[in-house]
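The entries follow the order in which I looked things up.

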Amino acid sequence: MAANELNDVKGVDIPPFFPYIVQTQPTTAMTESLFIAQAPTLRSKAIAVASRWVDADEAEDIAQDALLRLWTLREAVQTPQHAEALVAKMAWQRCADVSRRCRTVPIDSGQAVADDRTAAPDAHLEQADNEEWLHRRLASLPSMQYQVLRLRQVEQKSHAEIAAILGTTPHSVATLLSRARQQLLEAIRRRNRNHV
């Protein structure tokens, strides 16, 4: 059957330079067992992509996030190559998001975030108020979350080092760190809404 006849029959637009049709097998969704079998390869691919942009710990976080996102999309994944392409793209996009973030400043560094050259006359009072507010919020965090946040942000420890210090797993460290950051972010958002 010629390409033009197929266009008439099925309504498929076949370019004229493609004179033959290759029949493909119907695609099936990626199963849980196939995903688990391919996970180490996918993780390595995500880490390889992320390592070009961020440090090793952040690359691990990005790889984990990419695999979790891919897990939720596994029904749409058709082949192992498709899974690799998706995880690489997800890792690259997450790296782009990370690179857009401002440089992190350790919590207890005492370094001012505001630019003093354009500050209003009462800026020092406002900055002192902001620092006091932040210290109160940090003190209100659960002890374990505060310890993890301090070890990561101030002492720049890796997840594995923090896990060894606290006697827990790196996964638990990532969860505690995420919860602490989320609580602080929500508190900052509430405060900003009240100040506007």
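I started with helix α2 (residues 32-51) and helix α4 (residues 80-100) in this predicted model. I found them packed at an angle of about 35 degrees, with axes 9 Å apart. I noted their crossing as right-handed. On the α2 side I listed Gln38, Thr41, Leu42, Lys45, Ala46, Val49 and Ala50 as the contact residues. From α4 I listed Pro80, Ala83, Glu84, Val87, Ala88, Ala91, Trp92 and Cys95. Sorted by class, the residues of this contact are 11 nonpolar, 2 polar and 2 charged.

Next I looked up helix α5 (residues 123-140) against helix α8 (residues 170-195). Their angle is about 140 degrees and their axes lie 11 Å apart. The crossing of α5 and α8 is right-handed. I wrote down Asp129, Asn130, Trp133, Arg137 and Leu138 for α5, and Leu184, Ala187, Ile188 and Arg191 for α8, as the residues making the contact. The class count for α5 with α8 is 5 nonpolar, 1 polar and 3 charged.

Last, I turned to the second largest pocket. What is its volume? I have about 400 Å³ for the second largest pocket. It is lined by 16 residues, and those closest to its centre are Asp61, Arg94, Ala174, Ser178 and Arg181. I checked which elements give two or more residues to this lining, and they are α3 (56-72) and α8. By class, the lining has 4 nonpolar, 5 polar and 7 charged residues.

Technical notes: Residues are numbered from 1 along each chain as its sequence is written. This is a predicted model: local features need pLDDT of at least 70, side-chain atom pairs count only at pLDDT 80 or more; totals for chains, interfaces and linings use all residues. Side-chain values use heavy atoms; hydrogens and water are left out. Axes are lines fitted to C-alpha atoms, for helices over the stretch in contact, and angles run from 0 to 180 degrees between N-to-C directions. Helices (H or I, at least four residues) and strands (E, at least two) are DSSP runs, numbered from the N terminus. A crossing is left-handed if the near helix is turned anticlockwise from the far one by less than a right angle, and right-handed if clockwise. Contact means heavy atoms within 4.5 Å. Ala, Val, Leu, Ile, Met, Phe, Trp, Tyr, Cys and Pro count as nonpolar, Asp, Glu, Lys and Arg as charged, and the others, Gly among them, as polar. On a 1 Å grid over the protein atoms alone, a cavity is a set of points where a 1.4 Å probe fits but cannot get out, and a pocket is an open set with protein on both sides within 12 Å along at least five of seven lines; lining residues have an atom within 4 Å of a point. Grid points are joined across faces, edges and corners, and a volume is the space filled by probe spheres set on the points.
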